[in-house]
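Q: Please take a close look at how oppositely charged side chains pair in this structure. I would like one connected account.

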Amino acid sequence: ERRMRRSPPLPAETDSSDDKEANVAAKLGRMMNAKSLVGEEWQHCTVRAEVLKVVPPLAGPEDPRWEGDSLLVQEQLRAEQLLGRNDEAAALVRLRRIIAWAPQVREWSSGSSAKQLAAVKALTGWLLASRAAPILDSGNVTSDKLAAATQELAEAEALCATLEQEHADVAGTHLLRAKIAVAKDDDFDTAQRELVEALRLAPEDRRAQEELKQVKAELRRVGLEASRAKVIEIRDGLKRARTEPSSDSAVVLGLLRELDQTRVPWETIMETRIGVELKGCQEGCGEEAKQLSTRILGRLMDESKEQRPMWET
């Protein structure tokens with residue numbers, strides 16, 4: 001029984017098959033779909049449906065109702081439909097079912113079907129790693145959730161190891177390895193290499209494109225943080241070396257040479273105000289420090305213009 005604010009019209013007949021029971025069930029399902037309830041009318045109604053029979057799912061190739069490898073294709077299509085509705089848990093049930101049944105189906109052991117099975121395994125592992133990653137990154141989860149996430153990541157790792165041995169030329173294998181690298185160790189460098197290879201094998205793969213975009217953003221963030229920490233350390237060292245009576249000019253030169261070898265993003269220049277210390281080193285730290293400071297300031301200005309072209313105007 002389902003209560004609704006507005007009763008949608010009974011869908012028109014679209015199935016020409018003779019199975020009246022299936023037609024009625026399909027029409028009722030479309031009618032009760034929440035997406036079909038449009039408008040702002042408040043006509044209350046109640047829909048009652050009587051269950052005539054329940055058909056259990058197939059148990060596998062040994063089931064008397066088994067109709068061949070076409071059922072595996074149907075399972076895959078259904079899994080993709082569920083993913084389109086963001087129902088990952090239900091999709092995983094279907095995908096795991098394919099992986100469990102496929103070894104018992106001779107047609108899926110070689111050729112294009114073997115590649116298809118590899119894609120299913122890669123997608124399954126990717127979903128598992130995607131589900132586990134936010135839980136493993138969170139510092140405030142229950143032990144049960146953490147254990148479940150760890151188990152799912154281990155399952156994804158096992159699938160990836162098998163794929164790397166048998167199907168290293170499949171884009172999904174590299175996509176899965178990239179996802180695991182991020183979920184397990186925040187290893188964005190490895191993830192980027194794997195995603196680049198995945199896109200080389202499948203240039204139109206949207207998941208790989210999106211993952212690479214996110215990984216590049218994370219690499220940039222990590223690089224900014226590391227650069228900022230290093231520049232702050234050099235800045236504070238220069239300030240101490242310039243102001244303390246016992247400081248040595250060699251210390252200033254060493255820090256300047258280290259800064260000269262460091263790429264400093266525009267954001268870091270503005271946040272750390274390293275330019276103030278460089279200008280201070282141009283006065284009272286010797287001729288060599290003056291020349292080196294001037295050169296670094298010039299380089300930082302040029303790099304800033306490249307990163308912020310509007311400065312040129």
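**Salt bridges**

A: Arg220 is partly exposed, having a relative accessible area of 44%; that term covers the range between buried (under 20%) and exposed (over 50%), computed with a 1.4 Å probe on protein chains only. This is a predicted model, in which local features need pLDDT of at least 70 and side-chain atom pairs count only at pLDDT 80 or more, while totals for chains, interfaces and linings use all residues. Residues are numbered from 1 along each chain as its sequence is written, and side-chain values use heavy atoms, with hydrogens and water left out.

Side chains of opposite charge can pair when their charged atoms come close. A salt bridge here is a side-chain nitrogen of Lys or Arg within 4 Å of a carboxyl oxygen of Asp or Glu. Arg220 forms one with Glu267, with 2.9 Å between the closest N and O atoms. Because Arg220 lies in helix α8 (residues 206–243) and Glu267 in helix α10 (residues 266–272), the pair ties together parts 47 residues apart in sequence. Helices are DSSP runs of H or I with at least four residues, numbered from the N terminus.

Arg228 meets Glu271 in a salt bridge at 2.8 Å, N to O. This pair also links helix α8, which holds Arg228, to helix α10, which holds Glu271, 43 residues apart. Arg228 is partly exposed, at 37% relative accessible area.

Elsewhere, Glu75 and Arg97 form a salt bridge at 3.4 Å, N to O. Glu75 is in helix α2 (residues 70–84) and Arg97 in helix α3 (residues 88–101), so the pair joins parts 22 residues apart in sequence. Both Glu75 and Arg97 are buried.

Salt bridges also link Glu157, Glu164, Arg177 and Lys184 in a network. The count by this rule is 21 salt bridges.

Technical notes: Helix = DSSP H or I, 4+ residues; strand = E, 2+ residues; numbered from the N terminus.
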